[in-house]
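Q: Please take a close look at the places in this model where the ligands are held. Which parts of the protein surround them, and which atoms come close to them?

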Amino acid sequence: MSKSLSMLFTLVNKSNILGQIRYYASSALPQLSSEKYGIKRKHFSPLQQEDINYFKSIFKEGQVLTEESEVLPFNIDWIKNCRGQSKLILKPKSTEEVSKILAYCNEKRLAVCPQGGNTGLVGGSVPVFDEIVVNLALMNKINTLDELSGALVCEAGCILETLDDYVRERGLIMPIDLGAKGSCHIGGNVSTNAGGLRLLRYGNLHGCVMGVEAVKADGTIIDCLRTLKKDNTGYHLKHLFIGSEGTLGVVTKVAISCPSLPKAVSLGFFGLKSFENVLQLYKSAKSSLGEILSAFEMADNCAIKSTVENLKIPNPISDYPFYVLVETHGSDENHDNEKLTRFLSKEMESGLIIDGTITSEPAKMKNIWHLRESIAGAGLLDGYVFKYDVSIPLTNYYDIVLSLRKKLGDKVRNVYGYGHIGDGNIHINVTVPQYSKEIYSLLEPYIFEQVAKLNGSISAEHGVGFRKPQFIHYSKDASALQLMRELKRTMDPNGILNPYKVLPDV
Ligand code: FAD
Ligand code: 2HG
Ligand code: ZN
(Lines give C-alpha, C1' and ligand atoms only; values in the text may rest on other atoms or scores of the structure.)
(Ligands and ions follow the chains in the order given, each with its own letter.)
Protein backbone atom coordinates (compact mmCIF):
# COMPACT_ATOMS: atom_id res chain seq x y z
CA MET A 1 0.00 0.00 0.00
CA SER A 2 1.40 3.43 -0.91
CA LYS A 3 2.31 5.70 1.97
CA SER A 4 -0.26 8.32 1.00
CA LEU A 5 -3.01 5.75 0.82
CA SER A 6 -2.21 4.25 4.18
CA MET A 7 -2.47 7.78 5.59
CA LEU A 8 -5.87 8.10 3.98
CA PHE A 9 -6.96 4.96 5.76
CA THR A 10 -5.79 6.14 9.14
CA LEU A 11 -7.85 9.29 8.75
CA VAL A 12 -11.22 7.60 8.47
CA ASN A 13 -13.36 6.36 11.30
CA LYS A 14 -12.94 2.61 11.47
CA SER A 15 -15.67 2.08 14.02
CA ASN A 16 -18.55 2.40 11.57
CA ILE A 17 -19.27 0.49 8.41
CA LEU A 18 -18.23 3.33 6.13
CA GLY A 19 -14.87 3.44 7.83
CA GLN A 20 -14.42 -0.31 7.68
CA ILE A 21 -15.12 -0.40 3.99
CA ARG A 22 -12.71 2.40 3.28
CA TYR A 23 -10.17 0.57 5.34
CA TYR A 24 -10.50 -2.76 3.58
CA ALA A 25 -11.46 -1.82 0.09
CA SER A 26 -8.75 -0.57 -2.13
CA SER A 27 -5.04 -0.86 -2.41
CA ALA A 28 -4.31 1.58 -5.22
CA LEU A 29 -5.07 5.22 -5.83
CA PRO A 30 -7.94 5.66 -8.29
CA GLN A 31 -7.05 7.09 -11.68
CA LEU A 32 -7.43 10.87 -12.03
CA SER A 33 -11.02 11.68 -13.05
CA SER A 34 -9.83 14.03 -15.80
CA GLU A 35 -7.82 11.21 -17.45
CA LYS A 36 -10.32 8.44 -16.81
CA TYR A 37 -13.20 10.37 -18.35
CA GLY A 38 -11.22 12.58 -20.78
CA ILE A 39 -12.20 16.00 -19.34
CA LYS A 40 -10.60 19.30 -20.43
CA ARG A 41 -9.82 21.90 -17.76
CA LYS A 42 -11.91 25.06 -18.07
CA HIS A 43 -10.35 28.52 -18.08
CA PHE A 44 -10.21 29.15 -14.35
CA SER A 45 -7.18 30.81 -12.78
CA PRO A 46 -4.58 28.41 -11.46
CA LEU A 47 -4.03 28.59 -7.70
CA GLN A 48 -1.08 30.86 -6.76
CA GLN A 49 0.99 31.05 -3.60
CA GLU A 50 -0.52 34.51 -2.97
CA ASP A 51 -3.99 32.94 -2.84
CA ILE A 52 -2.82 30.46 -0.22
CA ASN A 53 -1.19 33.31 1.68
CA TYR A 54 -4.45 35.25 1.61
CA PHE A 55 -6.43 32.35 3.08
CA LYS A 56 -3.73 31.70 5.68
CA SER A 57 -3.94 35.35 6.69
CA ILE A 58 -7.69 35.24 7.35
CA PHE A 59 -8.02 31.72 8.79
CA LYS A 60 -6.62 29.90 11.79
CA GLU A 61 -4.44 26.81 11.82
CA GLY A 62 -6.32 23.67 10.80
CA GLN A 63 -8.60 25.61 8.48
CA VAL A 64 -6.21 25.72 5.52
CA LEU A 65 -4.77 22.39 4.33
CA THR A 66 -2.09 22.24 1.66
CA GLU A 67 0.13 19.22 2.45
CA GLU A 68 -0.17 16.46 -0.17
CA SER A 69 -1.08 13.81 2.40
CA GLU A 70 -3.64 16.16 4.02
CA VAL A 71 -5.43 17.06 0.81
CA LEU A 72 -5.57 13.53 -0.64
CA PRO A 73 -8.65 12.19 1.22
CA PHE A 74 -10.63 15.27 0.14
CA ASN A 75 -9.77 14.49 -3.51
CA ILE A 76 -11.10 10.92 -3.56
CA ASP A 77 -14.75 9.91 -3.49
CA TRP A 78 -16.25 7.17 -1.32
CA ILE A 79 -16.36 4.50 -4.02
CA LYS A 80 -12.86 5.37 -5.24
CA ASN A 81 -14.12 6.10 -8.70
CA CYS A 82 -13.08 9.74 -8.92
CA ARG A 83 -9.86 11.54 -8.01
CA GLY A 84 -9.32 15.27 -8.24
CA GLN A 85 -6.16 17.33 -7.99
CA SER A 86 -6.98 20.04 -5.50
CA LYS A 87 -4.04 21.54 -3.70
CA LEU A 88 -6.06 23.54 -1.20
CA ILE A 89 -8.73 22.55 1.28
CA LEU A 90 -10.51 25.31 3.22
CA LYS A 91 -12.55 24.59 6.32
CA PRO A 92 -14.66 27.64 7.19
CA LYS A 93 -16.17 27.97 10.66
CA SER A 94 -18.95 30.43 9.88
CA THR A 95 -21.21 31.69 7.12
CA GLU A 96 -19.17 34.89 7.01
CA GLU A 97 -16.02 32.85 6.36
CA VAL A 98 -17.76 30.99 3.51
CA SER A 99 -18.79 34.36 2.13
CA LYS A 100 -15.20 35.66 2.27
CA ILE A 101 -13.90 32.56 0.47
CA LEU A 102 -16.43 32.80 -2.34
CA ALA A 103 -16.10 36.57 -2.79
CA TYR A 104 -12.32 36.13 -3.17
CA CYS A 105 -12.59 33.12 -5.50
CA ASN A 106 -15.20 34.82 -7.67
CA GLU A 107 -13.06 37.93 -7.99
CA LYS A 108 -9.99 35.86 -8.90
CA ARG A 109 -11.87 33.30 -11.05
CA LEU A 110 -10.78 30.41 -8.88
CA ALA A 111 -13.03 27.35 -9.10
CA VAL A 112 -14.52 25.83 -5.94
CA CYS A 113 -15.86 22.39 -4.99
CA PRO A 114 -18.22 22.49 -1.97
CA GLN A 115 -17.90 19.36 0.14
CA GLY A 116 -19.85 17.85 3.04
CA GLY A 117 -19.16 14.35 4.37
CA ASN A 118 -17.85 13.20 0.96
CA THR A 119 -20.20 10.22 0.83
CA GLY A 120 -21.74 11.21 -2.51
CA LEU A 121 -21.90 8.44 -5.10
CA VAL A 122 -21.81 10.41 -8.36
CA GLY A 123 -18.44 12.16 -8.04
CA GLY A 124 -19.96 15.56 -7.23
CA SER A 125 -18.18 16.01 -3.91
CA VAL A 126 -14.60 15.88 -5.15
CA PRO A 127 -12.81 18.22 -7.53
CA VAL A 128 -11.97 17.21 -11.09
CA PHE A 129 -8.92 19.44 -11.52
CA ASP A 130 -7.52 21.91 -8.99
CA GLU A 131 -10.77 23.37 -7.66
CA ILE A 132 -10.45 24.62 -4.08
CA VAL A 133 -12.36 22.28 -1.78
CA VAL A 134 -14.60 24.13 0.69
CA ASN A 135 -15.34 21.50 3.31
CA LEU A 136 -18.10 22.34 5.80
CA ALA A 137 -17.06 19.91 8.58
CA LEU A 138 -16.22 22.67 11.07
CA MET A 139 -19.63 24.30 10.72
CA ASN A 140 -21.32 21.80 13.01
CA LYS A 141 -23.30 23.82 15.55
CA ILE A 142 -26.89 23.03 16.41
CA ASN A 143 -28.57 26.42 16.69
CA THR A 144 -32.12 25.86 17.93
CA LEU A 145 -34.74 23.16 18.32
CA ASP A 146 -38.39 24.03 18.83
CA GLU A 147 -39.64 20.91 20.58
CA LEU A 148 -43.26 21.88 19.98
CA SER A 149 -43.16 22.40 16.22
CA GLY A 150 -40.17 20.09 15.64
CA ALA A 151 -38.21 22.82 13.79
CA LEU A 152 -34.46 22.21 14.04
CA VAL A 153 -32.01 24.87 12.89
CA CYS A 154 -28.38 23.89 12.49
CA GLU A 155 -25.22 24.51 10.53
CA ALA A 156 -24.67 22.63 7.28
CA GLY A 157 -21.72 20.57 8.53
CA CYS A 158 -23.69 18.74 11.25
CA ILE A 159 -23.48 14.99 10.78
CA LEU A 160 -26.90 13.45 10.18
CA GLU A 161 -26.52 10.79 12.89
CA THR A 162 -25.43 13.40 15.45
CA LEU A 163 -28.57 15.39 14.68
CA ASP A 164 -30.73 12.30 14.94
CA ASP A 165 -29.22 11.40 18.34
CA TYR A 166 -29.80 14.98 19.51
CA VAL A 167 -33.45 15.20 18.47
CA ARG A 168 -34.25 11.63 19.67
CA GLU A 169 -33.27 12.64 23.19
CA ARG A 170 -35.95 15.31 22.86
CA GLY A 171 -38.75 13.11 21.51
CA LEU A 172 -38.23 13.72 17.79
CA ILE A 173 -36.47 12.06 14.83
CA MET A 174 -34.78 13.36 11.72
CA PRO A 175 -37.11 12.97 8.72
CA ILE A 176 -34.28 11.44 6.69
CA ASP A 177 -32.14 8.35 7.30
CA LEU A 178 -29.53 6.67 5.11
CA GLY A 179 -26.66 4.23 5.36
CA ALA A 180 -24.13 7.07 5.24
CA LYS A 181 -25.67 8.79 8.33
CA GLY A 182 -22.48 8.45 10.38
CA SER A 183 -20.52 10.59 7.90
CA CYS A 184 -22.85 12.62 5.66
CA HIS A 185 -23.72 16.22 6.56
CA ILE A 186 -27.18 17.73 6.63
CA GLY A 187 -25.88 20.36 4.16
CA GLY A 188 -24.81 17.52 1.85
CA ASN A 189 -28.20 15.85 2.26
CA VAL A 190 -29.97 19.07 1.34
CA SER A 191 -27.62 19.79 -1.57
CA THR A 192 -28.25 16.32 -3.04
CA ASN A 193 -31.93 16.18 -2.04
CA ALA A 194 -31.04 12.80 -0.54
CA GLY A 195 -33.84 10.25 -0.35
CA GLY A 196 -32.98 7.34 1.89
CA LEU A 197 -34.78 4.64 3.78
CA ARG A 198 -37.97 6.34 4.98
CA LEU A 199 -38.87 8.75 2.21
CA LEU A 200 -41.98 6.62 1.72
CA ARG A 201 -43.24 7.82 5.10
CA TYR A 202 -41.71 11.22 5.77
CA GLY A 203 -41.46 12.58 2.23
CA ASN A 204 -38.53 14.19 0.47
CA LEU A 205 -36.44 17.15 1.58
CA HIS A 206 -38.35 19.61 -0.61
CA GLY A 207 -41.16 19.03 1.87
CA CYS A 208 -39.21 18.67 5.14
CA VAL A 209 -36.72 21.51 4.75
CA MET A 210 -38.34 24.66 6.06
CA GLY A 211 -35.55 27.05 5.27
CA VAL A 212 -32.00 27.38 4.07
CA GLU A 213 -29.19 29.90 4.44
CA ALA A 214 -26.77 29.79 1.53
CA VAL A 215 -23.92 31.79 0.05
CA LYS A 216 -23.97 32.69 -3.63
CA ALA A 217 -20.88 32.50 -5.84
CA ASP A 218 -20.13 36.22 -5.34
CA GLY A 219 -20.22 35.87 -1.55
CA THR A 220 -23.73 37.25 -1.00
CA ILE A 221 -25.44 35.56 1.93
CA ILE A 222 -29.01 34.55 1.05
CA ASP A 223 -31.14 34.27 4.18
CA CYS A 224 -34.14 31.99 3.60
CA LEU A 225 -33.77 30.41 7.02
CA ARG A 226 -37.43 30.44 8.07
CA THR A 227 -39.04 27.88 10.35
CA LEU A 228 -42.59 28.40 9.18
CA LYS A 229 -44.72 25.65 7.65
CA LYS A 230 -46.54 28.24 5.60
CA ASP A 231 -44.82 31.17 3.93
CA ASN A 232 -46.09 32.13 0.49
CA THR A 233 -44.18 35.35 0.16
CA GLY A 234 -43.02 35.06 -3.41
CA TYR A 235 -40.65 32.54 -4.95
CA HIS A 236 -39.69 29.57 -2.77
CA LEU A 237 -35.97 30.16 -3.14
CA LYS A 238 -34.91 27.44 -0.70
CA HIS A 239 -35.84 24.89 -3.38
CA LEU A 240 -33.08 26.23 -5.63
CA PHE A 241 -30.50 24.96 -3.17
CA ILE A 242 -32.20 21.63 -2.44
CA GLY A 243 -30.68 19.18 -4.90
CA SER A 244 -28.49 21.67 -6.79
CA GLU A 245 -25.35 19.78 -5.73
CA GLY A 246 -23.22 22.80 -4.92
CA THR A 247 -23.63 24.42 -8.34
CA LEU A 248 -25.81 27.38 -7.27
CA GLY A 249 -24.48 28.19 -3.81
CA VAL A 250 -22.97 26.82 -0.64
CA VAL A 251 -25.59 25.82 1.92
CA THR A 252 -24.50 27.10 5.34
CA LYS A 253 -27.55 26.56 7.56
CA VAL A 254 -30.64 24.39 7.39
CA ALA A 255 -34.04 24.56 9.11
CA ILE A 256 -35.75 21.20 9.01
CA SER A 257 -39.00 19.83 10.37
CA CYS A 258 -38.54 16.78 12.63
CA PRO A 259 -41.41 14.32 13.13
CA SER A 260 -42.25 12.87 16.56
CA LEU A 261 -40.25 9.89 17.77
CA PRO A 262 -42.49 6.89 17.09
CA LYS A 263 -43.54 5.15 20.31
CA ALA A 264 -43.65 1.77 18.61
CA VAL A 265 -41.28 0.49 15.95
CA SER A 266 -41.36 -2.99 14.41
CA LEU A 267 -39.40 -4.56 11.64
CA GLY A 268 -40.04 -7.56 9.43
CA PHE A 269 -37.50 -9.27 7.19
CA PHE A 270 -38.98 -11.70 4.70
CA GLY A 271 -37.86 -14.20 2.07
CA LEU A 272 -39.81 -14.32 -1.22
CA LYS A 273 -39.59 -16.47 -4.31
CA SER A 274 -40.07 -13.97 -7.16
CA PHE A 275 -40.01 -10.29 -7.94
CA GLU A 276 -43.69 -10.50 -8.91
CA ASN A 277 -44.32 -11.53 -5.29
CA VAL A 278 -42.32 -8.54 -4.02
CA LEU A 279 -44.69 -6.22 -5.87
CA GLN A 280 -47.77 -8.05 -4.61
CA LEU A 281 -46.43 -7.89 -1.07
CA TYR A 282 -45.88 -4.14 -1.42
CA LYS A 283 -49.50 -3.67 -2.47
CA SER A 284 -50.66 -5.80 0.44
CA ALA A 285 -48.39 -3.97 2.95
CA LYS A 286 -49.81 -0.62 1.90
CA SER A 287 -53.36 -1.76 2.43
CA SER A 288 -52.75 -3.89 5.56
CA LEU A 289 -50.38 -1.56 7.39
CA GLY A 290 -51.65 1.75 6.07
CA GLU A 291 -50.49 4.78 8.02
CA ILE A 292 -47.87 2.91 10.10
CA LEU A 293 -45.79 1.70 7.14
CA SER A 294 -42.44 3.54 7.34
CA ALA A 295 -40.16 1.58 5.00
CA PHE A 296 -40.50 -1.06 2.30
CA GLU A 297 -37.10 -2.09 0.97
CA MET A 298 -36.10 -4.96 -1.29
CA ALA A 299 -32.83 -6.73 -2.12
CA ASP A 300 -32.19 -9.65 -4.41
CA ASN A 301 -30.35 -12.81 -3.41
CA CYS A 302 -27.07 -11.63 -4.94
CA ALA A 303 -27.10 -8.36 -2.95
CA ILE A 304 -27.74 -10.07 0.39
CA LYS A 305 -25.46 -13.03 -0.27
CA SER A 306 -22.51 -10.80 -1.21
CA THR A 307 -23.07 -8.60 1.84
CA VAL A 308 -23.16 -11.62 4.11
CA GLU A 309 -20.04 -13.13 2.54
CA ASN A 310 -17.97 -9.98 1.98
CA LEU A 311 -18.73 -8.22 5.25
CA LYS A 312 -19.47 -11.22 7.47
CA ILE A 313 -22.85 -9.85 8.48
CA PRO A 314 -25.36 -12.57 9.43
CA ASN A 315 -28.61 -13.06 7.54
CA PRO A 316 -31.39 -13.77 10.09
CA ILE A 317 -33.26 -16.04 7.64
CA SER A 318 -32.19 -18.58 5.00
CA ASP A 319 -31.35 -18.20 1.35
CA TYR A 320 -34.20 -16.84 -0.87
CA PRO A 321 -34.39 -15.30 -4.34
CA PHE A 322 -35.67 -11.98 -2.92
CA TYR A 323 -35.74 -10.26 0.45
CA VAL A 324 -38.07 -7.57 1.70
CA LEU A 325 -37.70 -5.37 4.76
CA VAL A 326 -40.91 -3.87 6.12
CA GLU A 327 -40.80 -1.33 8.96
CA THR A 328 -43.62 0.28 10.90
CA HIS A 329 -43.56 3.51 12.92
CA GLY A 330 -46.62 3.96 15.07
CA SER A 331 -47.86 5.04 18.44
CA ASP A 332 -49.32 1.85 19.94
CA GLU A 333 -47.09 -1.20 20.24
CA ASN A 334 -49.91 -3.74 20.67
CA HIS A 335 -51.91 -2.35 17.79
CA ASP A 336 -48.88 -2.15 15.47
CA ASN A 337 -47.57 -5.63 16.33
CA GLU A 338 -50.98 -7.09 15.89
CA LYS A 339 -51.25 -5.49 12.44
CA LEU A 340 -47.79 -6.67 11.40
CA THR A 341 -48.34 -10.20 12.72
CA ARG A 342 -51.69 -10.41 10.94
CA PHE A 343 -50.02 -9.21 7.74
CA LEU A 344 -47.26 -11.81 8.12
CA SER A 345 -49.68 -14.71 8.81
CA LYS A 346 -51.91 -13.72 5.91
CA GLU A 347 -49.07 -13.49 3.44
CA MET A 348 -47.36 -16.66 4.66
CA GLU A 349 -50.64 -18.42 4.12
CA SER A 350 -51.05 -16.89 0.66
CA GLY A 351 -47.51 -18.03 -0.16
CA LEU A 352 -46.15 -14.52 -0.89
CA ILE A 353 -43.83 -14.76 2.12
CA ILE A 354 -41.92 -18.04 2.32
CA ASP A 355 -40.09 -17.29 5.53
CA GLY A 356 -39.59 -14.32 7.78
CA THR A 357 -38.87 -12.77 11.11
CA ILE A 358 -40.48 -9.83 12.85
CA THR A 359 -39.08 -8.04 15.84
CA SER A 360 -39.45 -4.96 17.99
CA GLU A 361 -36.23 -5.52 19.90
CA PRO A 362 -33.90 -2.58 19.20
CA ALA A 363 -30.74 -4.74 18.93
CA LYS A 364 -32.35 -7.17 16.48
CA MET A 365 -33.82 -4.34 14.39
CA LYS A 366 -30.41 -2.69 14.30
CA ASN A 367 -28.83 -5.89 12.96
CA ILE A 368 -31.39 -6.23 10.18
CA TRP A 369 -30.98 -2.58 9.16
CA HIS A 370 -27.23 -3.03 9.32
CA LEU A 371 -27.45 -5.84 6.78
CA ARG A 372 -29.59 -3.70 4.43
CA GLU A 373 -27.48 -0.56 4.81
CA SER A 374 -24.24 -2.44 4.24
CA ILE A 375 -25.14 -3.60 0.72
CA ALA A 376 -23.84 -0.28 -0.64
CA GLY A 377 -20.33 -1.04 0.57
CA ALA A 378 -20.25 -4.81 0.10
CA GLY A 379 -19.52 -4.65 -3.61
CA LEU A 380 -16.37 -2.61 -3.03
CA LEU A 381 -14.80 -5.76 -1.66
CA ASP A 382 -15.41 -7.49 -4.99
CA GLY A 383 -12.87 -4.99 -6.38
CA TYR A 384 -14.62 -2.17 -8.20
CA VAL A 385 -18.31 -1.20 -8.42
CA PHE A 386 -20.24 0.54 -11.16
CA LYS A 387 -23.19 2.09 -9.33
CA TYR A 388 -26.51 3.11 -10.85
CA ASP A 389 -29.41 4.73 -9.04
CA VAL A 390 -32.51 5.04 -11.15
CA SER A 391 -36.29 5.42 -10.90
CA ILE A 392 -38.33 2.96 -12.90
CA PRO A 393 -42.12 2.46 -12.79
CA LEU A 394 -42.73 -0.54 -10.53
CA THR A 395 -43.99 -3.02 -13.13
CA ASN A 396 -40.63 -2.89 -14.91
CA TYR A 397 -38.53 -2.12 -11.82
CA TYR A 398 -36.40 -5.27 -11.85
CA ASP A 399 -36.19 -5.89 -15.65
CA ILE A 400 -32.96 -3.96 -15.97
CA VAL A 401 -31.13 -6.28 -13.56
CA LEU A 402 -32.15 -9.33 -15.59
CA SER A 403 -31.21 -7.72 -18.88
CA LEU A 404 -27.81 -6.65 -17.52
CA ARG A 405 -27.06 -10.13 -16.22
CA LYS A 406 -27.84 -11.50 -19.68
CA LYS A 407 -25.79 -8.83 -21.45
CA LEU A 408 -22.74 -9.02 -19.20
CA GLY A 409 -22.66 -12.77 -18.48
CA ASP A 410 -19.44 -13.86 -16.80
CA LYS A 411 -17.60 -10.67 -17.80
CA VAL A 412 -18.55 -9.31 -14.35
CA ARG A 413 -18.55 -10.72 -10.83
CA ASN A 414 -22.03 -9.73 -9.72
CA VAL A 415 -25.04 -7.62 -10.62
CA TYR A 416 -26.98 -6.69 -7.47
CA GLY A 417 -30.45 -5.20 -7.54
CA TYR A 418 -31.84 -3.56 -4.40
CA GLY A 419 -33.56 -0.41 -3.33
CA HIS A 420 -36.47 1.59 -2.14
CA ILE A 421 -39.47 -0.16 -3.72
CA GLY A 422 -41.87 2.27 -2.09
CA ASP A 423 -40.23 5.10 -4.06
CA GLY A 424 -39.80 3.21 -7.35
CA ASN A 425 -36.03 3.61 -6.87
CA ILE A 426 -33.70 0.72 -7.73
CA HIS A 427 -29.93 0.57 -7.15
CA ILE A 428 -27.96 -1.57 -9.54
CA ASN A 429 -24.41 -2.40 -8.51
CA VAL A 430 -22.21 -4.15 -11.05
CA THR A 431 -19.04 -5.51 -9.48
CA VAL A 432 -15.78 -6.41 -11.24
CA PRO A 433 -12.28 -7.23 -9.99
CA GLN A 434 -11.03 -3.87 -11.29
CA TYR A 435 -12.25 -0.94 -13.36
CA SER A 436 -12.62 -1.94 -17.00
CA LYS A 437 -13.30 0.38 -19.95
CA GLU A 438 -14.93 -2.49 -21.81
CA ILE A 439 -17.52 -3.05 -19.07
CA TYR A 440 -18.01 0.70 -18.71
CA SER A 441 -18.92 0.97 -22.39
CA LEU A 442 -21.28 -1.98 -22.14
CA LEU A 443 -23.08 -0.27 -19.23
CA GLU A 444 -23.25 3.32 -20.44
CA PRO A 445 -25.28 4.66 -22.15
CA TYR A 446 -27.16 1.30 -22.30
CA ILE A 447 -28.64 1.58 -18.79
CA PHE A 448 -29.75 5.17 -19.30
CA GLU A 449 -31.33 4.34 -22.66
CA GLN A 450 -33.30 1.53 -21.08
CA VAL A 451 -34.41 3.75 -18.20
CA ALA A 452 -35.52 6.49 -20.61
CA LYS A 453 -37.51 3.96 -22.66
CA LEU A 454 -39.36 2.99 -19.49
CA ASN A 455 -40.07 6.65 -18.60
CA GLY A 456 -37.76 6.46 -15.60
CA SER A 457 -35.17 8.89 -14.26
CA ILE A 458 -31.41 8.38 -14.70
CA SER A 459 -30.92 9.64 -11.14
CA ALA A 460 -33.48 8.82 -8.47
CA GLU A 461 -31.73 10.12 -5.34
CA HIS A 462 -27.93 10.34 -5.69
CA GLY A 463 -27.91 13.27 -8.11
CA VAL A 464 -26.11 14.01 -11.37
CA GLY A 465 -22.74 15.09 -10.01
CA PHE A 466 -19.72 14.55 -12.23
CA ARG A 467 -20.79 11.18 -13.59
CA LYS A 468 -24.09 11.94 -15.26
CA PRO A 469 -24.28 15.42 -16.87
CA GLN A 470 -23.81 13.92 -20.36
CA PHE A 471 -26.84 11.70 -19.74
CA ILE A 472 -29.14 14.27 -18.13
CA HIS A 473 -30.98 14.78 -21.44
CA TYR A 474 -32.44 11.29 -21.03
CA SER A 475 -34.49 12.66 -18.14
CA LYS A 476 -34.68 16.44 -18.73
CA ASP A 477 -36.26 18.17 -21.65
CA ALA A 478 -34.14 20.70 -23.63
CA SER A 479 -36.35 23.60 -22.47
CA ALA A 480 -35.90 22.60 -18.82
CA LEU A 481 -32.15 22.24 -19.31
CA GLN A 482 -32.04 25.71 -20.87
CA LEU A 483 -33.79 27.20 -17.82
CA MET A 484 -31.30 25.38 -15.57
CA ARG A 485 -28.43 27.01 -17.52
CA GLU A 486 -30.07 30.44 -17.19
CA LEU A 487 -30.44 30.01 -13.43
CA LYS A 488 -26.81 28.93 -13.18
CA ARG A 489 -25.72 32.01 -15.15
CA THR A 490 -27.75 34.31 -12.90
CA MET A 491 -26.48 32.85 -9.64
CA ASP A 492 -22.91 32.03 -10.66
CA PRO A 493 -22.03 34.10 -13.75
CA ASN A 494 -18.38 33.03 -13.72
CA GLY A 495 -19.24 29.36 -13.26
CA ILE A 496 -16.86 28.92 -10.31
CA LEU A 497 -19.18 26.70 -8.25
CA ASN A 498 -18.64 22.97 -8.78
CA PRO A 499 -17.69 23.11 -12.46
CA TYR A 500 -17.91 19.90 -14.57
CA LYS A 501 -20.92 18.85 -12.48
CA VAL A 502 -24.69 18.60 -13.14
CA LEU A 503 -24.94 20.72 -16.31
CA PRO A 504 -23.51 19.25 -19.51
CA ASP A 505 -21.25 21.37 -21.70
CA VAL A 506 -23.12 22.95 -24.57
P1 FAD B 1 -20.95 15.18 -0.21
O2 FAD B 1 -20.78 13.81 -0.70
O3 FAD B 1 -19.79 15.82 0.41
O4 FAD B 1 -21.45 16.10 -1.42
C5 FAD B 1 -22.49 15.70 -2.28
C6 FAD B 1 -22.83 16.87 -3.23
O7 FAD B 1 -23.37 17.94 -2.50
C8 FAD B 1 -21.63 17.43 -3.96
O9 FAD B 1 -22.04 17.86 -5.22
C10 FAD B 1 -21.21 18.62 -3.12
O11 FAD B 1 -20.56 19.61 -3.89
C12 FAD B 1 -22.53 19.10 -2.60
N13 FAD B 1 -22.47 19.68 -1.24
C14 FAD B 1 -22.16 19.05 -0.08
N15 FAD B 1 -22.30 19.89 0.96
C16 FAD B 1 -22.71 21.08 0.43
C17 FAD B 1 -23.05 22.34 0.98
N18 FAD B 1 -23.00 22.57 2.28
N19 FAD B 1 -23.43 23.32 0.13
C20 FAD B 1 -23.50 23.11 -1.20
N21 FAD B 1 -23.19 21.95 -1.78
C22 FAD B 1 -22.81 20.95 -0.97
N23 FAD B 1 -28.11 8.89 -0.90
C24 FAD B 1 -29.46 8.86 -0.89
O25 FAD B 1 -30.09 9.75 -1.44
N26 FAD B 1 -30.13 7.84 -0.27
C27 FAD B 1 -29.50 6.82 0.36
O28 FAD B 1 -30.14 5.92 0.88
C29 FAD B 1 -28.08 6.84 0.37
N30 FAD B 1 -27.39 5.88 1.01
C31 FAD B 1 -26.04 5.90 1.01
C32 FAD B 1 -25.36 4.91 1.67
C33 FAD B 1 -23.98 4.89 1.69
C34 FAD B 1 -23.26 3.80 2.42
C35 FAD B 1 -23.25 5.91 1.01
C36 FAD B 1 -21.76 5.94 1.01
C37 FAD B 1 -23.93 6.91 0.34
C38 FAD B 1 -25.32 6.93 0.33
N39 FAD B 1 -26.04 7.93 -0.31
C40 FAD B 1 -27.41 7.91 -0.30
C41 FAD B 1 -25.33 9.00 -1.04
C42 FAD B 1 -24.87 10.17 -0.12
O43 FAD B 1 -24.67 9.75 1.16
C44 FAD B 1 -25.87 11.30 -0.11
O45 FAD B 1 -25.89 11.87 -1.39
C46 FAD B 1 -25.59 12.40 0.92
O47 FAD B 1 -26.68 13.28 0.94
C48 FAD B 1 -24.32 13.17 0.64
O49 FAD B 1 -24.01 13.96 1.77
P50 FAD B 1 -22.52 14.43 2.06
O51 FAD B 1 -22.52 15.36 3.20
O52 FAD B 1 -21.62 13.27 2.16
O53 FAD B 1 -22.20 15.26 0.74
C1 2HG C 1 -28.78 2.71 -0.50
O2 2HG C 1 -30.00 2.78 -0.65
C3 2HG C 1 -27.94 3.83 -1.04
O4 2HG C 1 -28.23 1.82 0.14
C5 2HG C 1 -26.68 3.40 -1.75
O6 2HG C 1 -28.66 4.74 -1.78
C7 2HG C 1 -26.93 2.71 -3.05
O8 2HG C 1 -24.60 2.34 -3.21
C9 2HG C 1 -25.66 2.30 -3.79
O10 2HG C 1 -25.76 1.90 -4.95
ZN1 ZN D 1 -30.75 4.39 -1.78
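A: A polar contact is a pair of N or O atoms within 3.5 Å; within protein, one must be able to donate a hydrogen and the other to accept it, and residues adjacent in sequence count only if both atoms are side-chain atoms. The model is predicted, so local features need pLDDT of at least 70 and side-chain atom pairs pLDDT 80 or more, while totals for chains, interfaces and linings use all residues. Residues are numbered from 1 along each chain as its sequence is written, chains are lettered from A and ligands numbered from 1 in the order in which they are written, and side-chain values use heavy atoms, without hydrogens or water.

We begin with ligand 1. A backbone N or O atom of Gly195 lies 2.9 Å from an oxygen atom of this ligand. For Gly120, a backbone N or O atom is 2.7 Å from an oxygen atom of ligand 1, and for Thr119 a polar side-chain atom is 2.6 Å from one. The protein covers 97% of the 970 Å² of accessible area that ligand 1 has on its own (Shrake-Rupley method, 1.4 Å probe). Strand 3, helix 8 (186–192) and strand 9 (250–257) are the elements that give two or more residues to the shell around ligand 1; helices (H or I, at least four residues) and strands (E, at least two) are DSSP runs, numbered from the N terminus. Helix 8 supplies the largest share of this shell, five residues. In total, 37 residues surround ligand 1, the closest being Pro114, Gly116, Gly117, Thr119 and Gly120; a residue is near a molecule if one of its heavy atoms lies within 4 Å of it. By class, the shell of ligand 1 holds 13 nonpolar, 22 polar and two charged residues (Ala, Val, Leu, Ile, Met, Phe, Trp, Tyr, Cys and Pro count as nonpolar, Asp, Glu, Lys and Arg as charged, and the others, Gly among them, as polar).

We turn next to ligand 2. Its surroundings are Leu121, Arg372, Ala376, Lys387, Tyr418, His420, His427, Asn429, Glu461 and His462. These comprise three nonpolar, four polar and three charged residues. Strand 15 (414–420) and strand 16 (425–432) each contribute at least two residues to this shell. A polar side-chain atom of Lys387 is 2.5 Å from an oxygen atom of ligand 2. For His420, a side-chain N or O atom lies 3.0 Å from an oxygen atom of ligand 2, and a polar side-chain atom of His427 is likewise 3.0 Å from an oxygen atom of the ligand. Of the 300 Å² of accessible area that ligand 2 has on its own, the protein covers 89%.

His427 and Glu461 are both buried, where buried means under 20% relative accessible area, exposed over 50% and partly exposed in between (1.4 Å probe, protein chains only).
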